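Colleague: I'm new to this one. Can you put it up and walk me through some parts?

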Amino acid sequence: MHYLSLEHAGKSFGEKVLFRDVSLMINKGEKIALIAPNGSGKSSLLRMIAGIDKPEGENATYLLSKQVKLAFLDQDPGFNPESTVLDSVLDADIPAVKAVRQYELAQLHAAENPKALEVALHEMDVYKAWDVEARVKEILFKLNLQQLEQKVKTLSGGQVKRLALAHVLLAQADLIILDEPTNHLDLDMIEWLEEYLSQESLTVLMVTHDRYFLDHVCDTILELYNGSLHRYKGNYSAFLEKKDLMLENDQVRHDKLRQLYKQELNWVRRQPKARTTKAKSRVDQFAVIEDALRQSREQQKIRIDFGTARLGSKILELHYINKSFQGKPVIRDFHYTFKRGERIGIVGPNGAGKSTLLNIIMNRIQPDHGKIITGSTVKFAYYEQSGLQLEEDKKVIDVIRDIADNWKQPDGSVISVAQLLERFLFDRKKQQVYVSQISGGEKRRLYLLTILMQQPNFLILDEPTNDLDIFTLQVIEEYLAEYSGCLLIVSHDRFFLDKLVDHLFIFEGEGHIRDYNGNYTQYRLEQEAKQYDDLRPKESGPLSASRQDHENQKAMRRIEKQLEQLNQKKQEIQNRFDRPQVATEDLIKWSAELKEIESQLSSKEDEWLEMAG
């Protein structure tokens, strides 16, 4: 069944064309992701598909099937600040949803008004709303929105985003459109949402930079590229394979066009100013070839080339740090000595104290007890989750000129700030634009440039992936993979963590921080195995043959999943050896990692074979 169609749509801001003649169709049950670089029009296209903005273009059409209900998660949800969480999340004009709202309110005030609870129970039965009520409780619990009478104006920015997500999920919509749904969710929330959206009954269109999320949920990728929309069937991994093949073919075409371009250029230069009709057609053909050549080039990437200050042997020591707020411990007896080149990820629920630890390290918050020793050569740079405070009335280039008039590169050569900005995909025209006029992702990219210009040897990143597009993330990951200083990352992006960190600080609650040797996927596999063992019935007698077979099958599937993850990690490590100019210490380190992975693989394969036999 066709849910929605958009045809021949365009979008421009003044002279800048974001996209033109874009068409798409959404069918029942599809799970589609839209990906594109920041500033290329993702959010504009999403709002157009949601029916909020009208498509531009003489022949543009938009059609949403009459029986289809649509819900849209916007980046800037517009709740009434005086409304409560309950009223905001359950404001749909649906009898069953209204019944649930009345029931929840009646429960909160049952003592003073028992009659209202009786009426509410009757309404729940009339509208068969118990399934809806169970879903409401699940979603609000999973998104940690349990203070139902709390006013919206008292919520944090992250809580408001989660409230907006809950509102969309509870709207009983046929088509759900989500703009960056994983922002401001912790890792447990993301994994729950991943499973929730994978339900066959849901039809979803989303913009997200979370590549594991794309891989696990989506069956179609839409790429907005050079102002046009390209459709790829399959998940994110399938898209990468098809994109790679397309670029390979595109390079062949590019080489042929380049040769033809040279021939036509030589011809045009040889001609006198007066043109015959035949000559005019050759000039027109030259313009077509020139445009095709420009369009065929592979998408431009950020170039990052920053040095790091020298780092001595003494870096950072945390000696039994303790910190509490209003009697609640968030860090308890945490001690750690950082070593040169360490790459640590920090994970845990929202509000567990991750940012508190970073602020203690940066000497912005003092611990209640404990001592911090920082080496004299350490040069910190802190990319803050809430640190984006660029002056909106400044031009992009002036933001960077306030730091330096030109830039000295690691090889000693000097480039202008305009050239530096171009490497961060701010062309000369974009550099003259005011900060208030660039996209949220472009602001994040500009903020990151101001951080890296400090040339730190201890880089702290607090949720650096928010609002950045996948293409920017790929290049940042390449840079950070080669970064020689210490790296400390708080992130809910599992792909980003797996690619960059060696071990984790895990906030387990009540102030306890666990130092885990491994990446996030390895940690989750260990947790799943532990949960499986904990849930397995402890029976005194032998299991029946059928029950034993069932248990074996479940265990084998679990091991197969672990083998898949380990093989993926093995391939990632092997790919590192192909990099040019690899340092000897990195080769030694990667060889040790590879040996450990291969040992784990061998052990798991033996375990699987034993069960299969």
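Modeller: What follows goes through a sheet, some helices and a few single residues.

Colleague: Ground rules before we start?

Modeller: This is a predicted model: local features need pLDDT of at least 70, side-chain atom pairs count only at pLDDT 80 or more, and totals for chains, interfaces and linings use all residues. Residues are numbered from 1 along each chain as its sequence is written, and side-chain values use heavy atoms, with hydrogens and water left out.

Colleague: Sheet, then. What is the strand order in the open sheet of three strands?

Modeller: The order is E11-E10-E13, with antiparallel pairing. Strands (E, at least two residues) and helices (H or I, at least four) are DSSP runs, numbered from the N terminus. Two strands pair if DSSP finds at least two bridges between them.

Colleague: Which strands stand at the edges?

Modeller: Strand E11 (328–337) and strand E13 (369–374) do. Each has a single partner strand, so one side of each is left without a neighbour in the sheet. The twist averages 20° from one strand to the next. Angles run from 0 to 180 degrees between N-to-C directions, with axes as lines fitted to C-alpha atoms, for helices over the stretch in contact.

Colleague: How many bridges join E10 to E13?

Modeller: Five, and the two run antiparallel. E10 (residues 316–325) and E11 pair over six bridges, also in the antiparallel sense.

Colleague: What does Glu317 stand opposite?

Modeller: Thr337 in E11, and Ile373 in E13. Phe325 faces Lys328 in E11 as its opposite residue.

Colleague: How many residues lie between E10 and E11 in the hairpin?

Modeller: Two. Gln326 in that turn has a positive phi of about 55°.

Colleague: Which helix lies across these strands?

Modeller: Helix H11 (residues 354–361) lies across E10, E11 and E13. It runs at about 130° to E10.

Colleague: New topic: Tyr382. Buried or exposed?

Modeller: Tyr382 is buried, with a relative accessible area of 7%. Buried means under 20% relative accessible area, exposed over 50%, partly exposed in between (1.4 Å probe, protein chains only). Tyr382 is in strand E14 (residues 380–383).

Colleague: What does Tyr382 touch?

Modeller: Leaving out residues up to four places away in sequence, its contacts include Ser355, Leu358, Tyr447, Ile451 and Ile460. Contact means heavy atoms within 4.5 Å. Tyr382 and Ile460 are 78 residues apart in sequence, yet 4.8 Å apart in space, C-alpha to C-alpha.

Colleague: Now helix H15. How many of its residues are buried?

Modeller: Twelve of its 13 residues. Among them are Tyr447 and Ile451. The cover includes E14, strand E17 (458–462) and helix H16 (470–482).

Colleague: What length does H15 reach?

Modeller: H15 (residues 440–452) reaches 19 Å from its first C-alpha to its last, close to the 18 Å expected at 1.5 Å a residue. The expected span is 1.5 Å times one less than the number of residues.

Colleague: At what angle do H5 and H7 pack?

Modeller: Helix H5 (residues 130–142) and helix H7 (residues 187–197) pack at about 145°, with axes 10 Å apart. The contact is made by Arg135, Glu138, Ile139 and Lys142 of H5 and Met189, Trp192 and Tyr196 of H7.

Colleague: And Arg524, which residues is it in contact with?

Modeller: Asp188 and Glu191, leaving aside neighbours within four places in sequence. Arg524 is in helix H18 (residues 520–535). At 19% relative accessibility, Arg524 counts as buried.

Colleague: Last one: how many disulfides?

Modeller: The count is zero, taking a disulfide as a pair of cysteine sulfur atoms within 2.5 Å. Cys218 is buried at 5% relative accessible area, and Cys486 is buried at 1%.
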